[in-house]
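Dear colleague,

Please read them with the coordinates open beside you.

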Amino acid sequence: MKKALLSGQKIEKSFGENKVLNGIDIDIYPEDFTVIMGASGSGKSTLLYMLSGMDKVSSGKISYKENDITSASEKEMTRLRADDFGFVFQRTHLVSNLTLYENIVLAGYISGKITEEESVSRANELIEKMNLKDSSTRLPSAVSGGEAQRAAVARAVISKPELLFADEPTGALNKSNTDEVLNLFTDLNSHGQTILLVTHDKEAALRGNRILYIEDGAVIGELSLEPYQGRNKQREDKLSEWLESLRW
């Protein structure tokens, strides 16, 4: 049985009198593509922030590689996020006065995990892989949303993180750009990248092999699927029926 890479036990989060997470237990396993779904306001993004250490739990415990990180200092969490975690959000947060290439390669430099030479080599490799060769010398303001998001994915994985967190990464993209970004996630996962994706989009959820559904701050359902090998009606029907059973 696989050991969890990241775990949360009895996670609660409150903002004043408003309890957003209500005693969640969750395990994220190596090489899985785990998807968290739920309606707007269900707590799915808040859960991602707790698990990644971007925010602190009100109560409960979070463990990474079986080490308790619940009370880790901000300095310790900053280093962990730099060394082991990658992040992709709905907004790309690219540095506006740097080209796509510079945004990607700079992330490799900053991480400290790979040398400058490796950063350049890996940046060029990712630019080719993510079909950014023609736009790599442009500023973020001069490229499409899909190109900017693909650059953000490249930036997130240049230092080969143990775990890639993605919060609604396709929420602002059209269908063709969404498909390109999701194909990148699928390819990364097929090569062993562990992914935790938060989404309200069924098309994005289809890419996962494990889907959790959150309602009112609690996990109320879980669905297991085979690793994604391309769209097929059986997979789509299974997900649709499961979501309908949860009144999605």
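**A buried asparagine, the sheet and the salt bridges**

N189 is buried, its relative accessible area being 15%, which falls below the limit of 20% under which a residue counts as buried. Please keep in mind that this is a predicted model. N189 belongs to helix α6, which spans residues 175–190, and, once its neighbours within four places in sequence are left aside, N189 is in contact with E31, D32, F33 and I195.

Helix α6 also holds both K175 and D179, which are four residues apart, about one turn of the helix. These two form a salt bridge in which the closest N and O atoms are 2.9 Å apart; K175 is exposed at 58% relative accessibility, whereas D179 is partly exposed at 25%.

Turning to the sheet, four strands make up an open arrangement in the order β2-β1-β4-β5, with antiparallel pairing. The edges are taken by β2 (18–28) and β5 (67–68), each of which has a single partner strand, so one side of each is left without a neighbour in the sheet. Helix α1 (residues 44–52) packs on this sheet, where it touches β1, β2 and β4 (59–64), and its direction makes about 120 degrees with that of β1. Strand β1 (residues 6–15) is joined to β2 by eight bridges, the two running antiparallel, and within this pairing G8 stands opposite I26 in β2.

Helix α2 (residues 74–83) has M77, L80 and R81 as its buried residues. Seen down the axis of α2, these residues fall within an arc of 95 degrees, so they line one face of the helix. Among the elements that cover them are α1, β4 and β6 (85–89).

As for charged pairs, the structure holds 19 salt bridges. One of them joins E12 to K19, with the closest N and O atoms 3.4 Å apart; E12 is partly exposed at 24% relative accessibility, and K19 is partly exposed at 42%. Another brings together the side chains of K13 and D55, at 3.5 Å from N to O. Because K13 lies in strand β1 and D55 in the loop between α1 and β4, this pair ties together parts that are 42 residues apart in sequence. K13 is buried, at 9% relative accessibility, while D55 is partly exposed, at 28%. Finally, K65, D84 and E162 are linked in a network of salt bridges.

Key: Residues numbered from 1 in each chain as written. Predicted model: local features only at pLDDT ≥ 70, side-chain atom pairs only at ≥ 80, totals over all residues. Heavy atoms only, no water. Pairing = 2+ DSSP bridges. Contact = heavy atoms within 4.5 Å. Axes fitted to C-alpha atoms, helices over the stretch in contact; angles between N-to-C directions. Buried < 20%, exposed > 50% of the residue type's maximum accessible area, 1.4 Å probe, protein only. Arc of directions from axis to C-beta. Salt bridge = Lys/Arg side-chain N within 4 Å of Asp/Glu carboxyl O.
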